[in-house]
Amino acid sequence: MLHEIARRCINVSKHDETIFNQHNSLLAVRGDKQLHILEYSYNVLCLDKKLDFVESSIVCPRSSSTSEFSKEYASKGISNIELVEFVTNPYFWPYSNDLKQEMTNIVAFEWSPSDLIFNNQSVLAILNSVGNVEFFGPQQKVWCSIVKFSDIMKHYVMSELQIDVGEKCKTIEKLKEIVYGIGTSAICWGPNINEDSSSIFVTAQRNSTIIFWSIKFTNTDLSVDVLGKIYADDEEIKTLAWIPYSDNLFLFIYANVLGEVVGKVCKIEGKKILEQATIVLWKWKDRMVPKNIQYIIDGNCLLIIYPKHRHLVVQMFDKDFKLLNKVVNVVNDEKISVLTKTSAGLYIGTINTKIYKLIYKVTKNALTIEFESIILKDSYVNHELYGLTFSPNEIICHLVLANRRVNVRKEPLHMLVVSLSCEDQIENVLLDNPSKKLTHMWDCIELLRYKTMKSKKLPSLNYVNLYNETNTDIYKLKVYLILVKLYNNLEEILKNQSKGLLPETSIEVVQDKLLAAHAKETIINKYEQHKNPTFNGFEKEWLSGCCKYLEYYSKKYEIPKNNIIPNTVWESLIALITKSELPTYNCLFCDDLIEDFSCANGHKSMFCSVTFTPIDSEEYLVCNCCEVTARMELYQYKPLCVLCDGHLECYNVSL
């Protein structure tokens, strides 16, 4: 049973369908003329008894790469029948700035795979209703436009069509050829980052041409190549789906405005995408356009699943993409609004807030499906379901509900982002993490913080054994640091029912122990290479900083160095460091020499938490959660925060 733990209200000005998507820890909801983005605050010290999100927004981009063509044609005077075409067809709206500003809205948005830009971050591609595509990315917690991708399309289409600038707008047919070639009707990303750090972005143009683009960011530089094209029928394409099948083979599916669903078997050869075969999945022109297409690979069988109003279509193909069976079942008497795929299976949501899990059985060429109802503890009367996602570890379920109560004079219209709990023993999920990294565990951490603040006590664990295990397990030491922070939260609100459970309750002590463990791990890793040292100057400086921190930690807590690291390792590395010419560091306040992480006057300079050396640049890296800093030179190493395994982000003081 799913029970509600938090909700967030987003005001809207009209009843309208919304779009809801989740990428890692980011939730995105389309509202009125803007995209609302919710992200965990990464603040373990928050005292709120609710999930703590930070909300930002992206205003709908209203630019269009076809404006100059539409305006130029309209400025010459148009007939009444052409005026009707201009007013009713969104791809011609840019001829009027007023119409474009008033009517432009977000039609679709898609996240790229992680690590396309910066440090493990993704690009957000937004498509507006006039066929314009723009890329957005985070810069110091603000989402900014980084590329107007339709401008790139424009140059490509103009050269591809070999359009003479002087002849481009003489007839409405010529104008349509240009506008429909540049205007985009649907977008999607390939599922993975390629070996050369590029990703494949797919656009369906209004003229039914599907173009595969190779997108690669090198720092702030963008390189774009066309990998291939697919020519579909003349109808406008509304939905795209990429289904990977093997290393170089995939099935690309599109649905047009008439409701037809077609698949293209494609092959990747070098830097080209070639079409191999065509599969017609749904040939009836019923005008029921599936907005979401999912798939399940079961052995040698491929199941393709998509909705047709209140019917769910499940088609089974063999490894050669030959149709083996097809089942079309009614879920209930309401429209299917959500299809969500997780590691636990496929979930279906209907507009009347009913949720089901798809139960299927494959026996040779036979396919049977059933729907298992998911029970919600709370009933959402007079609400419609438009979104259903699960957190990365599938412990929190997020719903987006539109309020349909007729109560306009008493309260404004709004959408609800409702969070439901799926897991009770959250501490076990956190401790038994096979990756041994906290990087993608923030849904667990946030849920643990919420439950701790709600119950006013820590989870039931053997904290003495856990703290003893931290001597040899850095990951458990990071988890213990989170528990210590939660313990101190309870102390602040004076309602701590967990007094006496923790053997160590000082955040400073645990953080110092964690930094020492990081320094030791770095030294051990470098020691394995010391016989044939190939370190550059920065790496030697890094190694020296780790050694100095262990000396500082040994003096501060009166622990012999040989209890921290073997003498043989220590002596070998000290010998290596003394042979190198390392820089000296001066205090930024008084220019005195820095020793033991401060100058003689006791001034505290900004230090790098990874290399334990001072930061003297206006550009540096910072952790959103712990606010620890690191030197910009580490960027190429893709560093993680030493306290919470979060990806460090660029920060520029001058901005």
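These are my notes, starting with the overall picture and ending with a few residues.

**Entry 1: the whole protein**

I reminded myself that this is a predicted model. I looked up the secondary structure and found 13 helices and 31 strands. Next I checked the extent of the C-alpha trace, which spans about 85 × 60 × 60 Å along its principal axes.

How does the radius of gyration agree with that of a compact globule? For 655 residues such a globule would have a radius near 26 Å, and the protein has 29 Å, so the two agree.

Of the 655 residues, 52% count as buried. I also noted the contacts with a separation of 6 or more: 54% of them come from residues 24 or more positions apart.

**Entry 2: a pair of helices**

Two packed helices are described by the angle between their axes and the distance between those axes. I looked up both values for helix α2 (residues 80-88) and helix α5 (residues 172-182). Their axes come within 13 Å and cross at roughly 10 degrees. Angles under 35 degrees count as roughly parallel, so α2 is roughly parallel to α5.

Which residues make this contact? From α2 I wrote down Glu 82, Glu 85 and Phe 86.

I began with Ser 67, which is found in helix α1 (residues 67-75). Is Ser 67 buried or exposed? Its relative accessibility is 10%, and the cut-off for buried is under 20%, so Ser 67 counts as buried. Leaving aside neighbours within four places in sequence, Ser 67 is in contact with Pro 94 and Lys 100.

Ser 337 sits in strand β22 (residues 336-342). At 24% relative accessibility, Ser 337 counts as partly exposed.

Asp 333 has its place in the loop between β21 (323-330) and β22. With a relative accessible area of 67%, Asp 333 is exposed. The C-alpha atoms of Asp 333 and Phe 118 are separated by 47 Å, and the two residues are 215 positions apart along the chain.

Lys 364 lies in the loop between β24 (355-363) and β25 (366-374). Its phi is positive, about 55 degrees, although Lys 364 is not a glycine. I found Lys 364 exposed, with a relative accessible area of 75%.

My last stop was Asp 645, in the loop between β30 (629-631) and β31 (649-652). What is the phi of Asp 645 near? I noted a positive value near 65 degrees, in a residue other than glycine. At 2% relative accessibility, Asp 645 counts as buried.

Note on methods
Residues are numbered from 1 along each chain as its sequence is written. This is a predicted model: local features need pLDDT of at least 70, side-chain atom pairs count only at pLDDT 80 or more; totals for chains, interfaces and linings use all residues. Side-chain values use heavy atoms; hydrogens and water are left out. Axes are lines fitted to C-alpha atoms, for helices over the stretch in contact, and angles run from 0 to 180 degrees between N-to-C directions. Helices (H or I, at least four residues) and strands (E, at least two) are DSSP runs, numbered from the N terminus. Angles under 35 degrees count as roughly parallel, over 145 as roughly antiparallel, 65 to 115 as roughly perpendicular and the rest as oblique. Contact means heavy atoms within 4.5 Å. The radius of gyration is taken over C-alpha atoms; the globule rule is 2.2 Å times the number of residues to the power 0.38. Buried means under 20% relative accessible area, exposed over 50%, partly exposed in between (1.4 Å probe, protein chains only).
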